[in-house]
Amino acid sequence: MKEVRYFYTPDIEKSHELPEEEAAHALRVLRMQQGDEMVLMDGKGNYYSAVISAASGKRCQFQVIKKMPQTRQWTGHLHLAMGPTKNMDRTEWFAEKATEIGFDELTFLNCRWSERKVIKTERIDKILVSAMKQSHKAEKPILHEMIDFKKFINQYFKGQKYIAHCHEEMLPELKNCILPNEDVTVLIGPEGDFSEEEVELAESKGFKSISLGKSRLRTETAALVAVHIMHLFNS
């Protein structure tokens, strides 16, 4: 049985040609040719059954056979906002694994104790695409540039809002607070945690302080645990 190949085509409604990187993978790596079948994903919730109509040089054109809207694998809108780790490999690991599990939106926070104040989202976006294809997700998480914590917290967020931190020992655990089938936003601090002022500001904006369990977790592990809990209660 021939293996099905998946490709990311965000502009499929406007163009029936694979993006440059996807075309290179199809033609140079996989050696696909005219007439070969493939499945396309637009990152917006749809699959497309397609066949290569023309392949030459660096260009790969296709003909759509059938549009296949996908039923969402979870309910609600799951938003994770985190202070990126000093070692980018750990943040990239989180982005990959969280996408495989399933969530909707990722924001990077510039906090008082952040050790990393700048992040290049281009590479993170490529990781999200790769993980989306590997895990056969029809939707790609929304990715935001880094934003100052105070600016972020002053925005409107629909649904449940939580901030995880280590300033108190007896905080309720997220798994015991979260309500199923609702929009959820969870904040995870940097390696130096949120400052007390940031926690107070978040609470004043309606965020509830929570714990992610009895163990003290690294930033990327805490973020992944939060995504997993959100997903479990909404799937």
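Met-38 counts as buried because its relative accessibility is 2% (buried means under 20% relative accessible area, exposed over 50% and partly exposed in between, with a 1.4 Å probe and protein chains only). This residue belongs to strand β2, residues 37-41. The model is predicted: local features need pLDDT of at least 70, side-chain atom pairs count only at pLDDT 80 or more, and totals for chains, interfaces and linings use all residues. Residues are numbered from 1 along each chain as its sequence is written, and side-chain values use heavy atoms, with hydrogens and water left out.

**Surroundings of Met-38**
- Apart from neighbours within four places in sequence, Met-38 is in contact with Arg-5, Phe-7, Leu-18, Met-32, Tyr-48, Ser-49, Ala-50, Ile-52 and Phe-62 (contact means heavy atoms within 4.5 Å).
- Thr-9 lies 29 residues from Met-38 in sequence and 12 Å from it in space, C-alpha to C-alpha.

**The sheet**
- An open sheet of 4 strands has the order β1-β2-β3-β4, with mixed pairing (strands, E, of at least two residues and helices, H or I, of at least four are DSSP runs numbered from the N terminus; two strands pair if DSSP finds at least two bridges between them).
- Its edge strands, each pairing on one side only, are β1 (6-8) and β4 (59-69).
- β1 and β2 run parallel and are joined by 3 bridges.
- Tyr-8 has Met-41 in β2 as its bridge partner.

**Helices on the sheet**
- Helix α1 (residues 20-29) lies across β1, β3 (46-56) and β4, at about 155° to β1 (axes are lines fitted to C-alpha atoms, for helices over the stretch in contact, and angles run from 0 to 180 degrees between N-to-C directions).
- α3 also packs on the sheet, where it touches β1 and β2, and its direction makes about 150° with that of β1.

**Helix pairs involving α2**
- The axes of α2 (residues 88-101) and α3 (residues 121-134) come within 8 Å and cross at roughly 30°.
- Among the residues making this contact are Met-88, Ala-95 and Thr-99 of α2 and Ile-124, Ile-127 and Leu-128 of α3.
- α2 and α7 (residues 219-232) have axes 9 Å apart and pack at an angle of about 10°.
- α2 is therefore roughly parallel to α7 (under 35 degrees counts as roughly parallel, over 145 as roughly antiparallel, 65 to 115 as roughly perpendicular and the rest as oblique).
- Residues of α2 including Trp-93, Phe-94 and Ile-101 meet residues of α7 including Leu-224, Val-227 and His-231.
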